[in-house]
There are 4 protein chains.
Amino acid sequence: MARPKSEDKRDALMAAATRVIAAQGLSAPTAVIAREAGVSNGSLFTYFETKADLFSRLYLELKTGMAAAALEGLPAEAPLREQFSHMWSNWMRWATSNPGKRRALALLGVSDDIAQESRAASHQAMAAIAGMLERARSDGPMRDTSMEFVAALMNALAEATMDFMVNDPAHADEHCRAGFDALCRTLGC
Amino acid sequence: MARPKSEDKRDALMAAATRVIAAQGLSAPTAVIAREAGVSNGSLFTYFETKADLFSRLYLELKTGMAAAALEGLPAEAPLREQFSHMWSNWMRWATSNPGKRRALALLGVSDDIAQESRAASHQAMAAIAGMLERARSDGPMRDTSMEFVAALMNALAEATMDFMVNDPAHADEHCRAGFDALCRTLGC
Amino acid sequence: MARPKSEDKRDALMAAATRVIAAQGLSAPTAVIAREAGVSNGSLFTYFETKADLFSRLYLELKTGMAAAALEGLPAEAPLREQFSHMWSNWMRWATSNPGKRRALALLGVSDDIAQESRAASHQAMAAIAGMLERARSDGPMRDTSMEFVAALMNALAEATMDFMVNDPAHADEHCRAGFDALCRTLGC
Amino acid sequence: MARPKSEDKRDALMAAATRVIAAQGLSAPTAVIAREAGVSNGSLFTYFETKADLFSRLYLELKTGMAAAALEGLPAEAPLREQFSHMWSNWMRWATSNPGKRRALALLGVSDDIAQESRAASHQAMAAIAGMLERARSDGPMRDTSMEFVAALMNALAEATMDFMVNDPAHADEHCRAGFDALCRTLGC
DNA sequence: TATGAATGAGCCTTCATTCAT
DNA sequence: AATGAATGAAGGCTCATTCAT
């Protein structure tokens, strides 16, 4: 029944793509990604139809992984602010522990050839976080502002905070806290 | 001692690059930029040594222009909060009036081949704004946080706000105000 | 001593190759031919050593089939001209009923990778027709011209006639007759 | 005013393509054609937009050249049969003197990517020959058959004759005459 | 200085064939 | 024998940059 498509190889390609994109940007040759994954260049195309397909799926996987990391061990019974704090810590830890994934994700996010499908699915991956945010928003100074906009503001603050944590690791904790405080002031929580 | 190269053509190339980058991304061929500028492809390289050089200088020019727009007509004697509000309005107006410049600037900002020099100079262009911010920061809840970080947070909020103003022009004013309010809450002004 | 490989699959591959070549030309991928035959791409190579081998054998089979169709029900006792007429009708009917086979055969005929062996054998398949032709030639105005050349002329007229019958089916019968008359005038029969 | 596009190079590419196609078929790499023309592979694409474009133009040029050769020095005042004989001789001489062009033309003729435009123009190139043929047809046994079909028959006979002249040069003259006689019998001239 | 042709490295993708299962 | 994943050599075309005019 022939060799089945190897989940390992697929994962290796995804991981290689993450590393290579982080290092070389979106113009990274598929051949380099394949080599980095220990696979022939032709094989890349048995796992992904096109380079854009690989990128779309990678985008979704990275985003999903990020969201999952942020939600890990969330204290569901605790007060909202504490939940937020926990999520924020997780999120920032993921970013600092996975700078390559973060950089790749940022580049992929502005790429033209991420399938609309993947973008949509990535929003779903963030749904739980959005839920928490919604509870905070509806009760504070942004109650008249659309959820999407509030989510975008949170994202923006998070990204800026990550940048500083990564680039100035000595003060990572301070930046993490300062970013969170800014978020709370923004939301009024 | 007139300079030998035509200032006009240089400007045309810059403007063309802005438009083409906004439309096609950073991988836009130099030949297309040249054609859009009404100039031969070869000539592009008498005005800019390399594609990266063109991009670096364009980045700086766009950033400088943006900063200038934000500061235009600033009421130097008014209270800080009013100055901030004025600056924010200018800034957002620039973004909505020049979506192409904004998009090009965003793409250039994440490009690998912007010269360090240009990045540094672009910070200088923002110095006046940073000054205003500094006055607000040193007096509020972020007084123990580094200026750079605070600036990054402001930038992040501004970018997110611009996105929503551009993509949802019907509610541009609301988004503009909501973004500003968020910033003030963040800064405590 | 049954042969291990399935005759059915071999035939399916031949038939699929005919269809695919007719539709896509000689550069049709072996994978497409295999899929069209309902067989895995790897299996194609257990039935045919190489793509060229498949094409060579297909060429011979198509040519043989064409010759057999032309000779079907030949009235062996009738006068030569009548036999010719019968053969010509058969031949033209085969062509119009099997346009795919004809197109594939034409493409294969000009291909570089038909084995010399297959070309030779295909002449044998045409031997009976050549025999009829020889009887006509040796008695008419082309008696001093080589058989091969006369055969080539007949073929040329036949192909041209088929083209018109296929492309202008409304006048197929007229074209068929006109082609035959031209042949007779050429041969003097 | 920059180096102008060189007519020489264009011609060299056409000639190289003719040779390479004759030798390797339509799948000849553009890189080989360029090298054979003494030009970089990139340059090929400044003279021809795509490989198909090169092929289309080459097809037309070869066909036009062939027609011109056939009509060279035609005795306009002589009787029709003599004109035909002259044209036939010219045509056959062109074929035997330019076997590469002939082979390339034959391959291009069955290619999928000859522009419809080129095919149409090639018919125009043959118009004068078609005119002669028309005069013969309307007066003989094929008067009730369409011009297109008669032209196709003539072509078919000519191609078959050329094949034999090229492959059996020792008897080229005999084949040439026999082919012409066959044509005359077909047309009744 | 302006032009645009010339160059050739580089990239994505395809495909015949092989081989592990 | 059957399957289909694995391989890697090609190939058409693009593009930043150079250079002849």
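Predicted model: local features only at pLDDT ≥ 70, side-chain atom pairs only at ≥ 80, totals over all residues.
1. Division of chain A. Chain A is divided into domain 1, which covers residues 1–48, and domain 2, which covers residues 62–187. Taken over C-alpha atoms, the centres of domain 1 of chain A and domain 2 of chain A are separated by 28 Å.

2. An annotated span in chain A. According to an unreviewed UniProt entry, residues 29–48 of chain A carry the annotation "DNA-binding region". In the model this span is 70% helix and 0% strand, and the C-alpha atoms at its ends lie 14 Å apart.

3. Contact between the two domains. Within chain A, 5 residues of domain 1 are in contact with 8 residues of domain 2, and the two domains bury about 510 Å² between them, with 83% of that area on carbon and sulfur atoms. On the side of domain 1 of chain A, the residues T18(A), A22(A) and L26(A) supply 76% of the area buried against domain 2 of chain A, which is more than any other three residues.

4. Polar features between the domains. The count between domain 1 of chain A and domain 2 of chain A is 0 salt bridges, while 1 residue pair is in polar contact, with both residues at pLDDT 80 or more. The side of domain 1 of chain A that touches domain 2 of chain A has 3 nonpolar and 2 polar residues, and no charged residues.

5. Chain A against chain B. This contact takes 25 residues from chain A and 24 residues from chain B, and it buries about 1900 Å² between the two chains, 70% of it on carbon and sulfur atoms. In chain A, the residues that lose the most area to chain B are F149(A), F164(A) and R185(A), which together account for 31% of what that side buries.

6. Paired groups between chain A and chain B. The rule finds 2 salt bridges across this interface, and the side chains of D112(A) and R103(B) meet in a salt bridge with an N to O distance of 3.7 Å. Between chain A and chain B there are also 4 residue pairs in polar contact, both residues being at pLDDT 80 or more.

7. Helices and residue classes on the side of chain A. The elements of chain A that give two or more residues to the side touching chain B are α6 (99–109), α9 (147–167) and α10 (172–187), and the largest share, 9 residues, comes from α9(A). By class, this side of chain A has 13 nonpolar, 8 polar and 4 charged residues.

8. Chain D against chain C. Here 25 residues of chain D are in contact with 24 residues of chain C, and the area buried between the two chains is about 1900 Å², of which carbon and sulfur atoms give 69%. In chain D, F149(D), F164(D) and R185(D) lose the most area to chain C, giving together 31% of what that side buries.

9. Paired groups and helices between chain D and chain C. The rule finds 2 salt bridges across this interface, and D112(D) forms a salt bridge with R103(C), in which the closest N and O atoms are 3.6 Å apart. On the side of chain D that touches chain C, at least two residues each come from α6 (99–109), α9 (147–167) and α10 (172–187) of chain D, with α9(D) giving the largest share, 9 residues.

10. Chain pairs without contact. No contact joins chain A and chain C, whose closest C-alpha atoms lie 10 Å apart. Chain B and chain D do not touch either, and their nearest C-alpha atoms are 10 Å apart.

Key:
Residues numbered from 1 in each chain as written. Chains lettered and ligands numbered in written order. Heavy atoms only, no water. UniProt positions renumbered as here; feature names shortened; annotations may be inferred. Helix = DSSP H or I, 4+ residues; strand = E, 2+ residues; numbered from the N terminus. Contact = heavy atoms within 4.5 Å. Buried area = accessible area lost by both parts, 1.4 Å probe. Salt bridge = Lys/Arg side-chain N within 4 Å of Asp/Glu carboxyl O. Domains from an automatic or database assignment. Polar contact = N/O pair within 3.5 Å; in protein donor to acceptor, adjacent residues only side chain to side chain. Nonpolar A, V, L, I, M, F, W, Y, C, P; charged D, E, K, R; others polar.
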